[in-house]
Structures are given as C-alpha cells and as structure tokens.
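Here are some notes for anyone opening this structure for the first time. Keep the viewer open and follow along point by point.

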Amino acid sequence: EPQTLDDIEFLLNDLGQLTGLSESTAIAVAQYRSELNRLQNVYSQKKTVSVFYQVWHEPMQTLNGEHVVNAVIELCGGQNVFASLSEIAPRVSVESVIAMNPDVIISSGSDSRDARELDFWQRWSMINAVHNEQVHFIKADSLVRHAPRILQGAQQLCELLERSRSAQKNKVQTNE
C-alpha cells in the first residue's frame with residue numbers, strides 16, 4: 001500500500017512489469033511524475049495552512065501523518081493538525097478540533113449526503129475554518145485512492161488551500 005506520493009509511481013512500475021505492459025506504464029508514470037512535479041513547483045513555497053481532514057463524522061475520525069492523504073495535504077502547502085497522532089485513522093473530538101483551530105476543514109465522502117454533514121461545523125464559529133468559510137468537501141474517490149488519480153484530488157485540495165490563503169490575505173489587508 002503506497003504511503004507516499006512517490007510510492008504510487010513505484011506501484012505503477014511494478015504493475016507494468018507484472019502485466020508485461022512496461023511501455024504503456026512508462027507513459028503513465030511520466031505523466032504522473034510530471035503532474036506531481038507541477039503541483040510541487042506551484043505549491044511548495046506557499047504559506048502553510050493548517051488543515052483538519054475529516055474522514056468520518058460519527059464517530060469523528062481523521063488521518064495521521066502516515067497516510068497518503070497527509071502527503072497530499074503537505075504537497076499543497078498544508079499542515080495536518082493531527083499528523084502526530086499514533087493511529088493511522090484516529091478518533092478525535094469536536095473539542096480537540098476546536099483546540100487545534102484549523103484554517104481549513106476538509107471532508108470527503110462519496111455523495112452529497114456526506115457533504116451535508118459539513119453543516120455540523122457551522123455551530124463552531126470560533127474555529128478559523130468556520131469563521132472564514134473554509135469548510136469544504138472533496139469526493140473521496142479522487143483523493144483517497146492510492147493510484148494516479150490521487151493527483152486530481154490533490155489539485156482540488158491545493159485549490160481549496162489556495163482559496164484559504166487568499167481569504168487570509170484579504171482579511172489582513174482589510175484590517176490594515
């Protein structure tokens with residue numbers, strides 16, 4: 001199971017060798033590497049944004065720093081507020097999210113019902129992400145798959161974090 005974005009490239013190469021499709025795999029690997037490099041070049045020097053990634057609502061769960069989604073968050077210039085927890089998919093409380101006060105809350109799921117669960121956060125306006133309207137949904141299929149399409153989810157996540165940076169910048173300029 002790939003745990004880094006580079007591991008996905010290695011997995012593709014292994015699959016190409018096992019299936020005898022090394023030539024077509026080389027093209028897919030080159031495309032994957034090119035897109036990964038592009039995202040790194042665009043977002044690696046951006047201001048860090050703190051992120052709470054919600055995997056599940058009840059019980060509330062997140063992902064730690066060992067999961068490939070954490071690599072995507074970091075690729076986009078984010079910092080997973082629960083990266084240091086020992087379990088890969090730990091349960092967390094609302095109080096712990098409030099204490100971490102993330103700039104962005106991201107949730108993923110399979111459909112619009114999952115997206116509606118984000119309304120739950122609106123009662124916690126003391127969280128920067130809620131106060132600044134930076135609570136977002138990304139379809140899980142594009143973000144949690146350990147395959148090349150993870151970069152589609154990464155692009156979405158990077159754009160959301162960039163939106164948060166812009167909101168923070170505009171807020172600072174307005175307050176000056």
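Predicted model: local features only at pLDDT ≥ 70, side-chain atom pairs only at ≥ 80, totals over all residues.

1. Start with helix H1, which covers residues 5-19. Its 15 residues reach 22 Å from the first C-alpha to the last, close to the 21 Å expected at 1.5 Å a residue. At the start of the helix, a side-chain oxygen of Thr4 comes to within 3.4 Å of the backbone nitrogen of Asp6.

2. Which residues of H1 are buried? They are Leu5, Ile8, Glu9, Leu12 and Gly16. Looking down the axis of H1, you'll find these buried residues within an arc of 100°, so they line one face of the helix.

3. Next, the largest nonpolar core, which has 30 residues. Leu5, Tyr32, Val72, Ile106, Ile150 and Leu157 are the ones with the most contacts inside it. Who supplies this core? H1, helix H2 (22-43), S1, helix H3 (68-75), S3 and helix H8 (150-175) each give at least two residues, and the largest share, 7 residues, comes from H8.

4. Setting aside neighbours within four places in sequence, Leu5 is in contact with Tyr32, Leu36, Val68, Ala71, Val72, Leu75 and Ile150. There is also a second, separate core of 15 residues, and Phe52, Val81, Ile127 and Ala129 are among its members.

5. Not counting residues up to four places away in sequence, Ile106 touches Val51, Phe52, Tyr53, Gln54, His136, Ile138, Leu157 and Leu160. Ile106 and Leu161 sit 55 residues apart in sequence, with their C-alpha atoms 9.7 Å apart in space.

6. Now the aromatic rings. How many aromatic pairs are there? The count comes to 3. In one of them, the ring centres of Phe52 and Phe82 are 5.7 Å apart and the planes are at 80°, so this pair is edge-to-face. Phe52 lies in strand S1 (residues 49-54) and Phe82 in the loop between strand S2 (78-80) and helix H4 (94-100), so the pair ties together parts that are 30 residues apart in sequence. Both Phe52 and Phe82 are buried.

7. Phe120 and Trp121 make another pair: their ring centres are 5.2 Å apart with planes at 80°, so it is edge-to-face too. Phe120 is buried, with a relative accessible area of 18%, and Trp121 counts as buried at 0% relative accessibility. Put together, Phe52, Phe82, Phe120 and Trp121 form one aromatic cluster.

8. Why does Asn80 count as buried? Because its relative accessibility is 3%, and the cut-off for buried is under 20%. The side chain of Asn80 makes a polar contact of 3.1 Å with the side chain of Asn70. Leaving out neighbours within four places in sequence, Asn80 is in contact with Val51, Leu63, Asn64, Gly65, Asn70 and Ile73. From Asn80 to Glu9 it is 71 residues in sequence and 23 Å in space, C-alpha to C-alpha.

9. Last stop: Gln134, in the loop between helix H6 (128-131) and strand S4 (135-139). Gln134 counts as buried at 5% relative accessibility. A polar atom of its side chain lies 3.1 Å from the backbone oxygen of Asn132, and a polar contact of 3.2 Å joins the side chains of Gln134 and His136. Not counting residues up to four places away in sequence, Gln134 touches Asp103, Val104, Ile105, Ala129, Leu160, Arg163, Ser164 and Ala167.

Conventions. Residues numbered from 1 in each chain as written. Heavy atoms only, no water. Helix = DSSP H or I, 4+ residues; strand = E, 2+ residues; numbered from the N terminus. Buried < 20%, exposed > 50% of the residue type's maximum accessible area, 1.4 Å probe, protein only. Polar contact = N/O pair within 3.5 Å; in protein donor to acceptor, adjacent residues only side chain to side chain. Contact = heavy atoms within 4.5 Å. Phe/Tyr/Trp six-rings, centres within 6.5 Å; stacked < 30°, edge-to-face > 60°. Expected span 1.5 Å × (residues − 1). Arc of directions from axis to C-beta. Core = buried A, V, L, I, M, F, W, Y, C linked by side-chain atoms within 4.5 Å.
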